[in-house]
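I opened the model to look up a few things and wrote down what I found. The entries follow in the order in which I made them.

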Amino acid sequence: MNPVRERLEVDILLVGAGPASLACALHLSQLVRRHNDAIEQGRQTGKRLEMPSLMIIEKGREIGAHAFSGAIVDPRAFHELLEGFEGEQPPYDGPVTDDALYLLSKTGSFRSPITPPPLKNHGNQVASLGRIVRWMAELCEKNGVDVFPEFPAVELLLEGERVMGARIGDRGRDKEGRPKPNFEPGLDVQAKITVLGEGPRGTLTLQAQRRLQLDAGRQPQIYAVGTKEVWQLPRPVQPGVVYHTLGYPLGTREFGGGFIYTFHDNLIHVGFVLGLDYQDPAADSHFLLQQFKAHPFVSNILEGGKPVSYGAKAIPEGGFYAMPRPYADGLLIVGDSAGFLNAQRLKGIHLAVKSGMLAAETILDSLLQEDSSAEVLKGYAERFERSWAREELWKVRNFRQSFQRGFWRGMAHAAVQFVTGGRGLFDPMPIRAGHTMMKRYPEHAGQPPASLPTVNGELSVDKLTDVYYSDTAHEEDQPCHLKVLDFDICINRCTYEYGNPCQHFCPAQVYEILKLDGGNRLQLNFTNCVHCKTCDIMDPYQIIVWTPPEGGGGPNYKNL
Ligand SMILES: Cc1cc2nc3c(=O)[nH]c(=O)nc-3n(C[C@H](O)[C@H](O)[C@H](O)COP(=O)(O)OP(=O)(O)OC[C@H]3O[C@@H](n4cnc5c(N)ncnc54)[C@H](O)[C@@H]3O)c2cc1C
Ligand code: SF4
């Protein structure tokens with residue numbers, strides 16, 4: 001039986017407390033204030049605006065709990081956002097002091113004599129995204145914005161083609177979905193405008209895309225997954241060093257590479273990014289991170305240290321041609337959810353902030369005209385067309401596409417694109433959805449996941465220990481938030497066709513094939529899930545649907 005739900009009305013609902021939504025709310029509160037000041041001081045004609053009610057909801061147990069990034073921040077957008085916020089500065093760790101690109105063979109390393117321009121980080125800042133979003137959320141609250149952690153949005157509310165708000169997930173249902181004594185039905189939050197800033201592969205964003213055909217005529221979004229550990233070293237480390245690597249442990253088919261960023265307090269962030277359009281069904285991003293750490297170049301840097309944090313997350317890399325239409329009646333989509341990410345630079349934070357600001361400027365128009373139809377909200381796409389964000393993304397519009405054809409062809413195309421302003425030899429260069437690239441390998445059937453590299457054994461961390469470092473927790477007696485639409489396909493087809501790649505691609509050991517007397521069974525250890533979304537993206541049959549669990553579940557990233 002459907003429970004009776006309370007309804008809450010707000011002017012603007014923002015889903016997800018990442019840099020995109022937070023920048024949108026902050027900029028909007030400032031724009032309304034500036035507008036009213038200009039009218040009061042006679043610098044502008046028109047009507048005063050009531051401060052709109054702004055509500056940000058976040059699924060994590062606190063703001064920043066699910067914030068996961070590199071992060072090297074291009075400060076450009078924050079400079080623009082903070083104009084007028086006297087004395088406010090993002091809590092960066094510090095400026096980049098050295099950057100380099102290394103090419104790795106199985107045991108050797110070679111420092112590239114030149115750092116390619118997209119990987120040059122002079123003038124950028126090293127940061128923890130978690131610290132940045134906590135600071136942004138505090139600034140939002142000081143400016144009258146309501147920020148609610150533990151509020152997962154599970155469903156977009158629609159009336160015909162018009163977005164009316166979002167439904168928050170229920171609390172207190174048991175494994176079978178039955179209400180427990182602490183049951184609380186989720187609210188229906190109704191809003192004039194709903195802003196989706198859910199990060200990559202957003203649940204409501206996918207619902208909007210499918211219901212409103214926002215991705216019609218666009219290329220499929222293509223993703224990577226980044227896994228990262230933070231290590232504490234027993235000796236002083238120069239902060240602000242940024243190394244990117246290409247080569248080992250990847251072959252020449254896959255897209256990806258490693259990164260090492262150094263922070264104050266002798267902390268080192270060591271991560272690996274794997275393009276989610278690989279062919280080998282046994283590919284395992286967590287395993288690649290362990291291999292990367294065991295390479296002499298990395299193991300020398302980490303020697304004597306110990307891991308203190310871990311996380312994993314998807315990255316939307318398709319770029320300009322994969323961006324969905326980011327508006328509809330009552331709807332705006334910002335940040336990673338709308339594909340605002342430059343894959344060549346591995347940077348999305350500045351674009352997320354800028355997209356939030358452009359959305360805020362459009363919302364101001366909508367408030368003044370008392371009209372939140374697509375006709376007014378398309379001003380967001382028009383502003384984007386005139387912005388530096390568009391200029392940046394246009395120059396790399398074919399970058400990621402080139403690498404679906406292998407590393408060396410990708411490099412050759414990228415060079416041609418660099419000198420032709422992004423056009424290259426084919427524009428747009430076609431690309432296929434990542435899961436369609438996976439090859440059938442019947443010989444993988446029944447193969448257990450590979451064992452961890454033993455070089456410098458203590459550097460290797462198994463998946464479950466890393467889940468422990470991510471501080472992940474979910475209420476166990478709740479419905480599983482990973483919806484496998486057909487278990488029969490898993491056991492009777494996938495095992496033989498692909499060898500159950502879910503055991504490999506999940507970086508948190510959620511999917512386990514149990515070999516029982518009566519036959520194999522897929523077990524879902526959903527409480528391990530770090531919300532990276534890889535399973536939803538890479539499952540070859542597209543029968544895994546990731547949905548938000550009960551509020552507060554998931555990782556509790558501290559300094560990632
Ligand atoms: C490994 C890795 C390295 C990176 N390195 C860099 C870098 O060095 N520099 C850089 O600029 N960028 C980097 N990025 C990209 C950058 O992190 C993103 O582009 C940026 O965080 C996007 O911001 P966002 O606000 O769009 O989304 P996010 O930061 O993903 O925030 C979205 C928020 O929404 C919440 N949420 C999602 N769905 C719901 C829901 N249904 N209900 C409620 N809450 C929800 C999530 O919990 C999350 O807190 C990196 C990303 C990764 C994964
Ligand atoms: S279950 Fe899916 S979303 Fe969760 S950690 Fe594994 S791959 Fe990522």
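Entry one, a strand pair. I looked up strand 22 (residues 511-516) and found that 6 bridges join it to strand 23 (residues 519-524), the two running antiparallel. Strands pair if DSSP finds at least two bridges between them. Strands (E, at least two residues) and helices (H or I, at least four) are DSSP runs, numbered from the N terminus. A hairpin through 2 residues joins strand 22 to strand 23. I noted that L516 is opposite G519 in strand 23.

Entry two, how I read the model. It is predicted, so I noted that local features need pLDDT of at least 70 and side-chain atom pairs pLDDT 80 or more, while totals for chains, interfaces and linings use all residues. Residues are numbered from 1 along each chain as its sequence is written, chains are lettered from A and ligands numbered from 1 in the order written, and side-chain values use heavy atoms, without hydrogens and water.

I found 13 residues around ligand 2 (a heavy atom within 4 Å). The closest are C506, C529, C532, K533 and C535. By class, this shell has 11 nonpolar, 1 polar and 1 charged residues. Nonpolar means Ala, Val, Leu, Ile, Met, Phe, Trp, Tyr, Cys and Pro; charged means Asp, Glu, Lys and Arg; the others, Gly among them, are polar.
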